[in-house]
Amino acid sequence: IQVGRTGVLTPVARLAPVTVGGVVVCRATLHNEDYIADKNIREGDTVIIQRAGDVIPQVVEVVMEKRGKDAKKFEFPDTCPECGSHALRETGEAARRCSAGLICPAQRLERLKHFVSRNAFDIEGLGARHMEDFRRDGLISSPADIFRLEEKAEEIKNLEGWGGKSAENLFKAIGARRAISLERFIYALGIRRVGRATARLLAGNYGSSKKWLAAMAAVAKKDSAAYGELTDIDGIGPGVADDLAAFFTETHNTDVVADLGRLLSIEDFADADIPDSPVAGKTVVFTGALEAMSRAEAKARAESLGVRVAGSVSKKTDYVVAGAHPGSKARKARQLGIAILSEDDWRRLAWD
Ligand SMILES: [Zn+2]
């Protein structure tokens, strides 16, 4: 059982080594406890595995003829194998999770690895392996400690595999990342269900770390206006909003964020791709049946012009683009005095 960054317990099969496509494979994922039950996979089974690209191979099927008479069913643990805390399964979810959060050493380490990963801080010369070593040696316990590593220069220079030169290079690479884009920063925090696309969406909508953090603090305090604003962002559902709220409710998370805030300069969101468009920066709501293009196409087109597409009408809406049978959103726009445009009006205004 492997424990991931957000506490998910993932069962992994240990296999007798076998060569698949020129690579020796000795582990394969079993996904989750339902998968093991559905495929009726037992300890000691002979299995068929599949490998695709760089991802960890998966167990596809059991070869029943080769099953031993006394093959044991696998008892999925209900405690975390790393820290012993309860591992709970929420209704509607396939995954069982360690409930300990950052108290769990496995989650802590995975969070640190995620923090320095390629799409997060991406610090040259500081990979997952180094995070494991530094953590073990007590040099790093929270992401912010990375930016204090230079204070421990003498210790690092004396570690095996490190010397004066490589340590200097590491400090230089860390220094280069003290300025970081808002979207990378959000992604690096490793909040459940906040991947790259969601991080970018949040960065684009809030613009600065100050605004984003103020909004998240309000969301965590169950401020319904802030929560409403968050879920109004097209692409942010209640699931993600709740995960954000849960993250910012925990003081061990907000402490880390505040600590990082003191050490870093988080750059305001700048969308280099925004063209010089008359509608860039405007907030638009689509409603009714569009004729010229599908809703998804309209949204993608608008976003490519730097437009924020919202799911519901509020005082912050600049335009409502109404297709056939517009309904309540157009009514609300009329009440608030927001411009309602036809598809043609919108096309002429935005890009024609
Ligand atoms: Zn745990």
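In what order do the four strands of the open sheet stand, and is their pairing parallel or antiparallel? In this predicted model, the order is 12-11-13-14, and the pairing is parallel.

**The open sheet**

The edges of the sheet are taken by strand 12 (308-310) and strand 14 (339-341). Each of these has a single partner strand, so one side of each is left without a neighbour in the sheet. On average, neighbouring strands are turned by 30° against each other, direction ignored. Strands of a sheet pair through backbone hydrogen bonds, in either a parallel or an antiparallel manner. Here, strand 13 (residues 319-322) is joined to strand 14 in the parallel sense over three bridges. Val 320 stands opposite Ile 340, a residue of strand 14.

**The zinc site**

The zinc ion is coordinated through the SG atoms of Cys 80, Cys 83, Cys 98 and Cys 104, at 2.3 to 2.4 Å. Along the sequence, these donor residues follow the spacing C-x2-C-x14-C-x5-C.

The four donor atoms make angles of 99 to 117° at the zinc ion, and the site is tetrahedral. For four tetrahedral donors, the ideal angle is 109.5 degrees.

| Residue | Location | Relative accessibility |
|---|---|---|
| Cys 104 | loop between strand 8 and helix 2 | 0% |
| Asp 243 | helix 10 (residues 238-249) | 9% |

Cys 104 counts as buried because its relative accessibility is 0%, the cut-off being under 20%. Neighbours within four places in sequence left aside, Cys 104 is in contact with Val 3, Cys 80, Glu 82, Cys 83 and Cys 98. Among these contacts, Cys 80, Cys 83 and Cys 98 also coordinate the zinc ion.

Why does Asp 243 count as buried? The reason is its relative accessibility of 9%. With neighbours within four places in sequence again left aside, the contacts of Asp 243 are Ile 191, Arg 192 and Arg 193.

Technical notes. Residues are numbered from 1 along each chain as its sequence is written. This is a predicted model: local features need pLDDT of at least 70, side-chain atom pairs count only at pLDDT 80 or more; totals for chains, interfaces and linings use all residues. Side-chain values use heavy atoms; hydrogens and water are left out. Two strands pair if DSSP finds at least two bridges between them. Helices (H or I, at least four residues) and strands (E, at least two) are DSSP runs, numbered from the N terminus. Axes are lines fitted to C-alpha atoms, for helices over the stretch in contact, and angles run from 0 to 180 degrees between N-to-C directions. Donors are N, O and S atoms within 2.8 Å of the metal (3.2 Å for Na, K and Ca); water is not among the atoms, so sites may look incomplete. Four donors count as tetrahedral if all angles lie between 85 and 135 degrees; four count as square planar and six as octahedral if opposite donors are over 155 degrees apart and all others between 65 and 115; anything else is irregular. Buried means under 20% relative accessible area, exposed over 50%, partly exposed in between (1.4 Å probe, protein chains only). Contact means heavy atoms within 4.5 Å.
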